[in-house]
Amino acid sequence: MLSARYPETPDGRYFVAKGRLWRKSDPSLSDNERQDTVDDLMAARREVRDAPDDESRKAARRRVDAAKKRLGERGPVWWTDGAPDETRKAPWNTRYADWWAGLGDEEKARGNPD
């Protein structure tokens, strides 16, 4: 489970890995839709890895991007309260700074390996 490995923001929108916020999947997706899309994502990632040439690799990366968008991890945000997307930002430089400061050292270490 993701939350067992990485700190998760209180609103459930992000997890922290490598010192950055990463958008989580849209929780409104059905289990079947999420699993089908994750399966597509993993297949596309294998295609990127195994691509015999640049053109094939680019096509596979487009499939990865499309799956990430279907999951809600890229593209328009899935929440509706108007809050901005803070993906790839350091949590201590965002509206999550107080939350991050309140985490224990062990939990911070799981989200920031430095």
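In which hand, left or right, does H2 pass H3 in their crossing? In this predicted model, the crossing of H2 past H3 is left-handed. Two packed helices are described by the angle between their axes and by the distance between those axes. Here, helix H2 covers residues 31-50 and helix H3 covers residues 54-71, and the two pack at an angle of about 160° with axes 8 Å apart. Angles over 145 degrees count as roughly antiparallel, so H2 is roughly antiparallel to H3.

On the H2 side they include Arg 34, Thr 37, Val 38, Leu 41, Arg 45 and Val 48. From H3, the contributors include Arg 57, Ala 60, Val 64, Lys 68 and Leu 71. Taken together, the residues of the contact of H2 with H3 divide into 9 nonpolar, 1 polar and 9 charged.

A probe the size of a water molecule, rolled over the atoms, shows where empty space is left. The largest pocket has a volume of about 540 Å³, and 20 residues line it. Closest to its centre are Phe 15, Arg 23, Arg 45, Lys 68 and Glu 73. Strand S1 (14-17), strand S2 (20-23), H2 and H3 each supply at least two residues of this lining, and H2 gives the most, with 5 residues. By type, the lining of the largest pocket comprises 9 nonpolar, 2 polar and 9 charged residues.

Notes. Residues numbered from 1 in each chain as written. Predicted model: local features only at pLDDT ≥ 70, side-chain atom pairs only at ≥ 80, totals over all residues. Heavy atoms only, no water. Axes fitted to C-alpha atoms, helices over the stretch in contact; angles between N-to-C directions. Helix = DSSP H or I, 4+ residues; strand = E, 2+ residues; numbered from the N terminus. Parallel < 35°, antiparallel > 145°, perpendicular 65-115°, else oblique. Left-handed = near helix turned anticlockwise from the far one by under 90°. Contact = heavy atoms within 4.5 Å. Nonpolar A, V, L, I, M, F, W, Y, C, P; charged D, E, K, R; others polar. 1 Å grid on protein atoms, 1.4 Å probe; cavity = no way out; pocket = protein on both sides within 12 Å on 5 of 7 lines; lining within 4 Å. Points joined across faces, edges and corners; volume = space filled by probe spheres on them.
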